Amino acid sequence: MALTDLTVDAVNSAMDEFDDAGGDAFLSRHGYQPAKQYFVVRDERQYDSKAIVGVAHGYLPGRQALKASEFSGGEKTVVRVLESLGFEVRRHEVDRPRDESGSPVKHMRDHDAPAHPITEPRVERIPVESQITGTFVYDVDRTVEAARAEAELQSSLHRYLTSIGHVVCRHLIHTPDGYRLLTDIYDETADVLVEVKSDVSRQTLRSALGQILDYQRYVSPAASALLVPESPSREMLDLFRSNSIDVIWPQEGAFSTASIAGGLFTKM
């Protein structure tokens, strides 16, 4: 195991997973404790540095995510590697509040809720990542496989839309209650918001529906769609149809579509 093998893309992929899952879910999923001193920064959002480095290791070809017990954090390891890759690392002590039993309570991070929550929503246009890594399968870590599959789907749609001259971006949404939400793909030319998911399980699709409905309140697209790797069940297609959301999936070099919102993206 060599932390010096890490790449910028691997670290960014771990941060993307963190954003998608939420901080506490990300840490719980990978068995890390909240950071107390060192936080890596991207777009003014702060991430638990040791957890990001450990999970980023799993985004390297042929590697697995590292457990917290497999390497040490701190100035001479995690901080040094992140700064060598050009990331900013902020150092500050965090006093974690505890409940009556002495257990740490659920914590908030700067990118989850600011010290002074905003009172009006604000939406920032940000570019889609210039490079999205491909899919690598890790039987021992389905989380990494799922994230890579989602990234490849996102990359495929991004390539297609730009190839036909469409302008594509993402949106960073600052909500009135102080949270920041990051959309997957927004086709500015067609005014279509697209959420991307790596499987078609009921749990995943219900989560996607909630995300799209939440985003729609702030972005107000003309149409919305969900991109998945294969056709969902008829019951789940009906759920999206009832909310006027299209469902698309790749098939034989093209995109098949449920044609909920006018047959969007009918070929790649």
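## Aromatic cluster

Phe 18 is buried, with a relative accessible area of 0%. In this predicted model, Phe 18 and Phe 26 form a tilted aromatic pair, with 5.0 Å between the ring centres and 50 degrees between the planes. Phe 26 is likewise buried, at a relative accessible area of 0%.

Phe 18 also pairs with Tyr 47, here in an edge-to-face arrangement: the centres are 5.0 Å apart and the planes stand at 70 degrees. This pair links distant parts of the chain, since Phe 18 belongs to helix H1 (residues 8–21) and Tyr 47 to strand S2, 29 residues apart. Tyr 47 is buried as well, its relative accessible area being 0%. Phe 18, Phe 26 and Tyr 47 make up one aromatic cluster. The count of aromatic pairs in the model is 3.

An open sheet is formed by 3 strands in the order S2-S1-S3, with antiparallel pairing. Strand S2 (45–48), which carries Tyr 47, and strand S3 (88–91) are the edge strands, each pairing on one side only. On average, neighbouring strands of the sheet are turned by 40 degrees against each other, direction ignored.

Strand S1 (residues 38–42) pairs with S3 in the antiparallel sense over 4 bridges. Val 40 stands opposite Val 89 in S3. Helix H4 (residues 75–84) lies across S1 and S3 and runs at about 140 degrees to S3.

## Charge over a ring

A further side-chain arrangement involves a lysine and a phenylalanine: Lys 50 lies over the face of Phe 71, at 5.0 Å from the ring centre.

Note on methods
Residues numbered from 1 in each chain as written. Predicted model: local features only at pLDDT ≥ 70, side-chain atom pairs only at ≥ 80, totals over all residues. Heavy atoms only, no water. Pairing = 2+ DSSP bridges. Helix = DSSP H or I, 4+ residues; strand = E, 2+ residues; numbered from the N terminus. Axes fitted to C-alpha atoms, helices over the stretch in contact; angles between N-to-C directions. Contact = heavy atoms within 4.5 Å. Phe/Tyr/Trp six-rings, centres within 6.5 Å; stacked < 30°, edge-to-face > 60°. Buried < 20%, exposed > 50% of the residue type's maximum accessible area, 1.4 Å probe, protein only. Lys NZ or Arg CZ within 6 Å of the ring centre and 35° of its normal.
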